[in-house]
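Please read them with the coordinates open beside you.

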Protein chains: 2
Amino acid sequence: MTDDIGAFVPGSRVRLEGRAGGPLSGLTFAAKDLFDVAGVPTGGGNHDWPTGRPVPTRHAWAIQTLLDGGATLIGKTITDEVSLGILGENAFDGTPVNVRAPGRVPGGSSSGSAAAVAAGICDTALGTDTGGSVRVPASFCGLYGIRPTHGRLDLAGMLPQAPTSDTMGWFARDAETFARVSSVMLGEAIPPANGRALPTKLIVAVDAFGFADADVAEALQPMVRRLASITGSSREEIMAPQGLSVWARAQRTLQPHEAFNTFRAWLDQGNPRFAFSVARALVMGSMIPESERTWANLMRQEVRGRLKHLLPPGTILCLPTTPFPAPLRGQPLSVLDPLRDRITCLCAHGGLAGFPQVNLPGAVTVDGLPVGLSIIGNRGSDAGLVAVARALEGKI
Amino acid sequence: MTDDIGAFVPGSRVRLEGRAGGPLSGLTFAAKDLFDVAGVPTGGGNHDWPTGRPVPTRHAWAIQTLLDGGATLIGKTITDEVSLGILGENAFDGTPVNVRAPGRVPGGSSSGSAAAVAAGICDTALGTDTGGSVRVPASFCGLYGIRPTHGRLDLAGMLPQAPTSDTMGWFARDAETFARVSSVMLGEAIPPANGRALPTKLIVAVDAFGFADADVAEALQPMVRRLASITGSSREEIMAPQGLSVWARAQRTLQPHEAFNTFRAWLDQGNPRFAFSVARALVMGSMIPESERTWANLMRQEVRGRLKHLLPPGTILCLPTTPFPAPLRGQPLSVLDPLRDRITCLCAHGGLAGFPQVNLPGAVTVDGLPVGLSIIGNRGSDAGLVAVARALEGKI
């Protein structure tokens, strides 16, 4: 298929056939340009990243797993620079078109992967999620997307950002494809949609719904009701008693500092080129005092404790994935910065606690823009969340 | 002439003949790509600067003045991004070759202008000097260079950085050419080398000599002695009783904040691409608290008072232009950052006080690298400093 939506890295349209007869046979996939593909330079979304680095000689674990599963790789997709960005506007490579929300950003940093799946160019695509980089584009592009349990999958061959928060993830347009891919990636069968493995309790995170735009919260209500009918029970709870903005503050303390440490030798040796906003994030990350990080690590423990308490096996929690649908492209930083901060308030728990989360598409605002509902389960419940996704689609 | 030293902006080799019969007839000049040339986009050393800006329809004052004087423009030269840099390594356009110090930086931000004059590609070239951007490359490339009295010349059509420190400036290889160009630019005759207009008192800034590398201070001694023989008297004085590093601190407080304000609308609207070090300088500039700027403005008044006290008419002060000769190209930021900070200690007075300064070439270190001696005079004494340069060359 042609790429007229600017989702792929120029010159990256390699085609690697999947293993014949695998469970994913017949499916095509793309990979965010943070994943190594043997023989292809890993671009990282930054034109100075590949300089002086050897071309990978082996595939990243995620690439190899999908190929072994039978899926065919069709190319590498544009990403925010070294995954630092949540909107999907790359000053070097451009902004992939969000076919579900014309004139608006696709979300990032897994921008090209989400845009390519949404446009039907491939069936699934690999992304990464440190602070929301799968969840946000999934919400903005109307896709299924997963941020798996932190530490569960092998990140070998994936360009790191902030390792204590880094995960991979993937997108799909329909629940059945999403389940097929998830089963291979997780190495685990997805429970049947009508099975007893489905959760029996639903928590509605009232603070998160209250934080989202009113029309987003409204648009998600039918899905919440369907979720409740699947689980059989639901109750409202505050997710973040300390405050969503306090959780966000902890994440914005830990993640940028860790990202700076990941890249500091490169910054020092290469003085690479970045969009101003990306360099700014790294500079701010370099200046976070240890006292702030000490506090943020304590808050991280509180967040983990809170989610563990809320989410025993059999319970899931739902919240708006993003507080609003995709913003317009090309807006000034003074408009985008406050939007980023609000997104972080609804995404910070992922990087802080590492619990698995799935974005469920289907809702649209009164303007017709997609916006996602997320479900979170206890650590390791990834397959169960995918099962809920399939059950929910069956009910739509 | 060809440009095999990477001094010129690609595609900028316009040729505009100077007015026939002018005092600068027969001379060629280049202009740092911060000066408007009618019909040519002003690049500013940054690939995103020209975006959305109209192509200039008239020449900058400095360009028009040299053309009217009879000099012929041969092209526009590479600069550090929007003049933010002191070493002359541009991540987008490369590093002009310093023919006087192979393998080493040319100095910046007027890097291409200095490199082109040093290589003999043109007779003179326009630069700008906010925090040392003419003085430093003049020192590193072994050239005459002037930072005129702040506010004296018309900066119309010149890309600003920090207006309370910004000046233009120019380079030449020999004192006679330097004097011809200076006379036209200053609109004032340069006093004869043997005239009574020459200063009669020389102050040797012992703190500045003590701050420079020992071999630099040593290499400059013969020139200091010749200067003393021209003036007839000399004495040693502390230039900065508060400390050169305190003066530098004041400059590093005022200039980056002002630069951020100059560019903030562009940063906000365009999120432009920069080398990390340049973006870092702007981010740091954005975060300087008002209390620090209040202090720095008071220190600026102290610096002005100190130089006014030291430099009555007829007195000049000399100091090493830079604490060391040109550093090696391509070094990591962790090596370059402390070098930049040391350079600022010997250059900060320029932006803080606005007194005129001329770099005198001629000295070389034991390694054969050029290093400059600077002379400073009271406000408005620009022509007198140029006269000293001519007198000194006559004595060499």
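1. Helices (H or I, at least four residues) and strands (E, at least two) are DSSP runs, numbered from the N terminus. This is a predicted model, in which local features need pLDDT of at least 70 and side-chain atom pairs count only at pLDDT 80 or more, whereas totals for chains, interfaces and linings use all residues. Residues are numbered from 1 along each chain as its sequence is written, and chains are lettered from A and ligands numbered from 1 in the order in which they are written.

2. On the cis peptides: in chain B, the bond joining B:G108 and B:S109 is cis, with omega about 5 degrees, and B:S109 belongs to the loop between β2 (72-77) and α2 (111-118) of that chain. In chain A, the peptide bond from A:G108 to A:S109 is likewise cis, with omega near 5 degrees, and A:S109 is placed in the loop between β2 and α2 (111-118) of chain A.

3. On the sheet of chain A: 10 strands form an open sheet with mixed pairing, and their order is β2-β1-β3-β5-β4-β10-β11-β9-β6-β7; two strands are taken to pair if DSSP finds at least two bridges between them. Because β2 (72-77) and β7 (234-237) of chain A stand at the edges with a single partner strand each, one side of each is left without a neighbour in the sheet. On average, and with direction ignored, neighbouring strands of this sheet are turned by 25 degrees against each other. Within it, strand β4 (residues 144-147) of chain A runs antiparallel to strand β10 (residues 357-364) of chain A and is joined to it by 3 bridges, with A:R147 opposite A:Q357 in β10(A).

4. On the packing of two helices: α7 (residues 244-270) and α10 (residues 333-353) of chain A pack at an angle of about 55 degrees, with their axes 8 Å apart. The axes are lines fitted to C-alpha atoms, for helices over the stretch in contact, and angles run from 0 to 180 degrees between N-to-C directions. The angle makes α7(A) oblique to α10(A), given that angles under 35 degrees count as roughly parallel, over 145 as roughly antiparallel, 65 to 115 as roughly perpendicular and the rest as oblique. Among the residues of α7(A) that meet α10(A) are A:W247 and A:R252, while those on the α10(A) side include A:L346 and A:H349.

5. On a loop residue: A:N271, found in the loop between α7 and β8 of chain A, has a positive phi near 40 degrees although this residue is not glycine.

6. On the interface: 18 residues from chain B and 18 residues from chain A make up the contact, where two residues are in contact if their C-beta atoms, placed from the backbone, lie within 7 Å. On the side of chain B that touches chain A, the elements giving two or more residues are α7 (244-270), β8 (273-275), α8 (276-286) and α10 (333-353) of chain B, and the largest share, 5 residues, comes from α8(B). Strand β8 (residues 273-275) of chain A is joined to β8(B) by 3 bridges, the two running antiparallel, and A:F274 stands opposite B:F274.
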